[in-house]
Amino acid sequence: MLLRRGVRRGKMTIWPVSRVTDARAKKKEADMAAADSTEGRQETGRIDAADPGLARGAIGLREVLFQSVTSMAPAGAVALSIAVGAGYAGGALPLAVLLALIACLLVATSIGQLAKHLPSAGSIYTYPAEALHPAIGFLVGWGYGLVEALIGPTTTVLVGYLVGSVLHSEFDWPFTATWIVVMIAAALLIALLNYRGVRISAQVGTVLGLFEILVFLVLACWLVVKAGTVNTGSVFTLHFAKVEGYQGFSGVAAASIYTILAFIGFEAAAPLAEEARNPRRTIPVAVVASCCAIGVFYVFTTYAGDVYFGPDRYVSFGELGDGSPWVALARDVWGIGWVLAFLAILNSTFANGNAGTLATTRTWYAMSRIGLLPAALARTHPRWNSPHVGVIVQLLVTLAVGLPIGIHFGPSAAFVLLATMLSGVMIAVYMVFNLSCTMYYLRRQRAEFNWLLHLVIPVLGIAAFVPAWLTAMGIGTSVLKFITPLTYPSSAAGLIIGIWYVIGILVLGYLRVRHPDRLPQMRRVFADES
């Protein structure tokens, strides 16, 4: 046999000619496949061949996990969104949190099962597109694009509200001017972090996430100890669900809108699949682990605040002031240490905005590169590999939505309205994910089908979300007794979501008529083409 010599790391290596020929053949085949992939993307007219794309393998499990953790904003969720639910569930709020945890764990399991086979920046729409139909995938991506875009104004309005409230109460600074300036500054800083790429923004999220969780766990333990003999398991029943107009399960269902809101974001690891190492393992672990760990955190901290403040009067919990009732609790038990709680909430809300921008811009990037959104959103920075045009667009959306709504309704009411919209869309998306899991394994992976993982859990997941979704959308009040209309402006959320989806259906119709080749592209898993 003819032999060929090669030099590697200063040592002589003997290679058979057959191995050289095989290696060349494989390289040629890979080059042709890459060329076909690029050509296929260019056919849509959306991808520039010179575009560097996303940063492949830039982050590991830790960063991906904290992408989900900070997207949920643990401290901010406990102090703000979950606290809103007290106005509906009263002292039974921990029950609403527990039910939200169960529902979200069910859908997290379904997402994990889908992520094993479909790792993609467009995962949110790829799942239903592949399992159900590309048209459904588009509508899911359309809704998720709205949700993630609204996280920017929601979180930055809250940052402004928190700082404005504290500086006004402590130093008599003008509240309105302060929250507006702080909101704009927060939006600019989040945009800067994301512009610099996934690595730095993910690392910042990891540090911020650890700090907020530690502070609130210590505070919650402090409250439980202080509560002493008042500790009771009755808060996990309907015993304290006595809010006027929302008695019993209707109050828990209404509160679930805001407790589920606290979980929104555990799926935000999925759009980072093309930038994560070993995404088929990393994404499922991050989604399920973050949902489970932070869910337990929510249940414990909400329980602590409830029993310390008093379940019988918990309906007035949100009236404590200081930007958040949890700042007031910290003042009561820690004195000057309240500053730590305030910084944890502020940090949490900011980190949520940062993580939301990461997920938003990756979803836009994925939809743009296959021709479903404007081509500019698929451009990535030549140095930072970030979808920098999308980052700038998100900044503009944050300011264009957050400022006028915050000024008109006030930042607190603006948050509740935006939060209700977020929940209304995402609960529906979660139900579609559950259905997608079942149908994907029945249609595409029948050999792996498992009755528990791929049928029982998804069906239970869909059922668990129905009460909160109907309440958020204001549907079924004349049929189901537990559905009670929300107060204004939250009651307008269903109408706004409906208008957004009417626009989405019109865009879908345009694509089907003018560009029918683009919708099937939603099934592509680009991570497999790297």
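**Charges over rings**

Select Arg 331 and Trp 338: the charged end of Arg 331 is placed over the ring of Trp 338, 4.1 Å from the ring's centre. Keep in mind that this is a predicted model. Next, select Phe 309 and Arg 313. Arg 313 lies over the face of Phe 309, at 4.1 Å from the ring centre.

**The whole chain**

Now show the chain as a cartoon. Its secondary structure comes to 16 helices and two strands. The chain has 530 residues, and 58% of them are buried. Switch to a surface view: the accessible surface is about 21,200 Å², and carbon and sulfur atoms account for 65% of it. Among contacts with a separation of 6 or more, 81% are between residues 24 or more positions apart.

**The nonpolar core**

Which residues touch the most other members of the largest nonpolar core? Select Phe 216, Phe 263, Phe 266, Tyr 298, Trp 326, Phe 433 and Phe 465; these are the ones, in a core of 128 residues. Then colour helix 14, residues 411-443, which gives the most to this core, with 17 residues. Another core, of 17 residues, lies apart from it; Ala 135, Leu 373, Leu 377 and Leu 519 are among its members.

Go back to Trp 326 and show its neighbours. Leaving out residues up to four places away in sequence, Trp 326 touches Val 78, Ala 79, Phe 216, Leu 219, Leu 223, Thr 301, Gly 305, Phe 317 and Ile 345.

**Aromatic pairs**

The structure holds 21 aromatic pairs. For one of them, select Phe 236 and Tyr 303: this pair is stacked, with 5.9 Å centre to centre and 10 degrees between the planes. Phe 236 is in the loop between helix 8 (198-227) and helix 9 (249-263), while Tyr 303 is in helix 10 (residues 279-309), so the pair ties together parts 67 residues apart in sequence.

Are the two residues buried or exposed? Phe 236 counts as partly exposed because its relative accessibility is 28%. Tyr 303, with a relative accessible area of 14%, is buried.

Move on to Phe 297 and Tyr 298, a tilted pair with 6.1 Å centre to centre and 55 degrees between the planes. Phe 297 counts as buried at 5% relative accessibility, and Tyr 298 is buried with a relative accessible area of 0%.

For the last stop, select Tyr 127, Phe 266, Tyr 430, Phe 433 and Phe 465, which form one aromatic cluster.

Methods. Residues numbered from 1 in each chain as written. Predicted model: local features only at pLDDT ≥ 70, side-chain atom pairs only at ≥ 80, totals over all residues. Heavy atoms only, no water. Core = buried A, V, L, I, M, F, W, Y, C linked by side-chain atoms within 4.5 Å. Buried < 20%, exposed > 50% of the residue type's maximum accessible area, 1.4 Å probe, protein only. Helix = DSSP H or I, 4+ residues; strand = E, 2+ residues; numbered from the N terminus. Contact = heavy atoms within 4.5 Å. Areas by Shrake-Rupley, 256 points an atom, 1.4 Å probe, with all protein chains shown as cover. Phe/Tyr/Trp six-rings, centres within 6.5 Å; stacked < 30°, edge-to-face > 60°. Lys NZ or Arg CZ within 6 Å of the ring centre and 35° of its normal.
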